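Here is a short note for a colleague who is new to this structure. Please read it beside the model.

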Amino acid sequence: MMSKTQWKLLLAAPAIFGAAFASSVTAGAAQAASVNEAMVLSSAPQVQTTAPGASAMDSVRSVEIAQASVADATVTNASSIDQVGSYAAEGAEVGSIDQVTSVSQLTDVRPTDWAFQALQSLVERYGCIVGYPDRTYRGNRSLSRYEFAAGLNACMDRITELINSIKNDYVSKEDLLTLQRLQEEFGAELAALRGRVDGLEVRTATLEKQQFSTTTKLNGEAIFAISDTFGDAVNSDDDDSQATFSDRVRLNFDTSFSGKDRLKTRLNAGNVPSYAAITGTQMSRLAFDGNNGNSVEVDKLNYRFPLADGKLRIQIDAINNEFTSDGLVTTLSPFESSGNGALSRFGRYNPIFRAGNPSKNGAAGFTLAYQFSDNFRFEGGYTGDVGAGGGSNDPGAKNGLFNGSYGALAQLVYSSKNFGAGLTFARSFYPGDGVNLTGSTGSSLASAPFGAEATSGNAVGLQLQYKFSPTFIIGGWYSAMFADQESGGNGDSTLMNGALYLAFPDLGKRGNLAGLIVGVPPKITSGDNEEDDTSIHVEALYRYRISDNIAITPGVFVIFNPEHDSDNSTQVVGVIRTTFSF
């Protein structure tokens with residue numbers, strides 16, 4: 001019979017083989033992608049966004065006005081969305097178009113043959129060429145035949161307009177003959193130009209039919225994870241955990257109405273287990289755990305906007321407010337992301353930022369950031385009703401936005417090119433049920449030192465980070481919390497935690513990240529229920545980026561003396577996390 005360890009290794013083997021196979025086929029996939037590129041429009045709907053307040057057609061029209069500029073664009077095998085995007089960007093860069101009534105006013109056009117003088121005569125007589133505000137074609141070079149054809153096409157349209165008007169005698173016979181000769185010489189270029197414009201109109205029409213929204217951008221993240229724990233559970237002589245395969249999917253709809261604000265709606269679904277239930281300690285929790293049976297739910301809804309000429313930013317959360325991650329408070333940790341950072345919950349950042357961390361999705365609140373100067377910034381926030389009872393939308397006793405549990409935080413941040421520091425203060429209050437001072441990162445006793453009694457906590461913290469180079473970062477954090485019993489007695493406890501980390505961005509390849517995190521999860525160091533022993537958290541991970549959209553992060557974290565008790569067996573958690581970003 002296989003041992004438990006052999007069986008787990010056997011279960012993990014397909015994931016390891018899959019990672020190697022995915023890496024080997026990347027080059028082939030890229031080649032296949034170029035072959036299928038031309039089929040994009042007919043094979044699948046496409047999502048594209050434009051700047052708020054401006055449609056793709058507006059950008060195209062601005063380019064069509066500057067026809068000389070349109071002629072510069074080279075038709076490639078890129079998809080229509082890419083081409084329309086490049087045209088739109090070109091129009092946005094140019095800005096408004098001014099009328100030019102003489103070819104000689106275009107400072108980077110040089111007279112080289114008879115056609116220049118002929119077109120110059122038509123331009124000065126009929127005013128049929130447009131140029132940019134700085135009176136150039138943007139290129140610092142002589143006029144190409146395609147650019148010349150664009151100008152000729154403008155003159156043809158203008159003269160046709162005049163012929164069809166009541167001023168039929170305005171166009172001379174000599175000018176018509178000159179125009180005919182120019183058409184004959186530049187016939188091929190005119191045909192190519194018109195073909196390009198017609199093709200652009202077709203692609204733009206396709207884009208308008210298939211675009212997701214002109215104001216909303218869709219992005220998402222999907223996680224596949226193989227994980228398991230090794231070691232006897234707390235207060236047990238058995239290791240009952242089994243290797244699991246789980247997932248988490250998040251879709252973000254980011255909407256902007258002014259180009260500077262953002263309304264975020266996030267859909268979330270997952271079945272990642274919390275290992276606290278089987279190991280007996282919250283210290284074994286994964287960074288990305290959460291199990292709602294893969295039922296899709298709205299777990300984020302917030303609106304962010306600037307004030308005071310952009311120096312002040314405010315974000316209002318209607319649900320699941322957090323100070324960090326999606327909030328405006330800085331952690332100074334390269335491992336903050338649950339999908340691409342640390343593998344453990346504790347390893348992401350200082351638990352002080354979880355003061356008032358929502359234990360359910362009912363919490364509403366806000367975060368803000370004010371930039372005093374290039375180096376100094378003030379950050380803060382408030383989260384209402386984060387307990388296990390109702391939510392901020394519950395009008396019942398000990399609930400609501402201000403009368404239930406809450407968390408408040410203020411932080412002063414200094415940041416320069418290589419050094420960053422943050423000094424943080426946080427206060428949290430729980431009226432009773434659902435007390436969780438550490439955001440489920442420390443021992444069970446540290447989370448609720450006085451059980452289900454009303455509890456308050458005042459915490460101070462320090463975060464430091466120094467970048468020796470773009471590929472080597474060292475940093476860490478420390479915080480102390482002073483907890484007071486607010487009902488059923490007058491107990492008090494002091495909680496502390498800290499960590500040091502080494503980070504190696506771009507190790508082996510751009511986008512990779514190697515990391516080592518060593519720390520002490522929150523524990524009661526003095527006062528009521530003081531914990532005598534000390535847990536040590538050691539975590540190692542390596543994120544390997546297969547492509548811009550796929551990353552695999554194998555890693556392991558070990559908890560010595562779980563629950564700050566040396567009688568408990570060491571817990572080892574192994575993870576292979578694959579993250580798809582799009």
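The points below cover the chain, a surface patch and the cavities.

1. **Basis.** This is a predicted model, where local features need pLDDT of at least 70, side-chain atom pairs count only at pLDDT 80 or more, and totals for chains, interfaces and linings use all residues. Residues are numbered from 1 along each chain as its sequence is written, and side-chain values use heavy atoms, without hydrogens and water.

2. **Chain.** The protein chain has 12 helices and 19 strands (DSSP runs: H or I of at least four residues, E of at least two, numbered from the N terminus). Of its 582 residues, 47% count as buried (under 20% relative accessible area, 1.4 Å probe, protein chains only).

3. **Nonpolar patch.** A nonpolar surface patch of about 1,000 Å² includes Phe372, Phe376, Leu412 and Ile474. Its residues have over 30% relative accessible area and no salt bridge, with nonpolar side chains (Val, Leu, Ile, Met, Phe, Trp, Tyr) joined within 5 Å. A salt bridge is a side-chain nitrogen of Lys or Arg within 4 Å of a carboxyl oxygen of Asp or Glu. Strand E13 gives the largest share, four residues.

4. **Phe372.** Phe372 sits in the loop between strand E9 (364-371) and E10. Phe372 counts as exposed because its relative accessibility is 53%, and exposed means over 50%.

5. **Cavities.** There are eight cavities of 30 Å³ or more. A cavity is a set of points on a 1 Å grid where a 1.4 Å probe fits but cannot get out; lining residues have an atom within 4 Å of a point.

Notes: Patch = residues over 30% accessible without salt bridge, like charges linked within 9 Å, V, L, I, M, F, W, Y side chains within 5 Å. Areas by Shrake-Rupley, 256 points an atom, 1.4 Å probe, with all protein chains shown as cover. 1 Å grid on protein atoms, 1.4 Å probe; cavity = no way out; pocket = protein on both sides within 12 Å on 5 of 7 lines; lining within 4 Å. Points joined across faces, edges and corners; volume = space filled by probe spheres on them.
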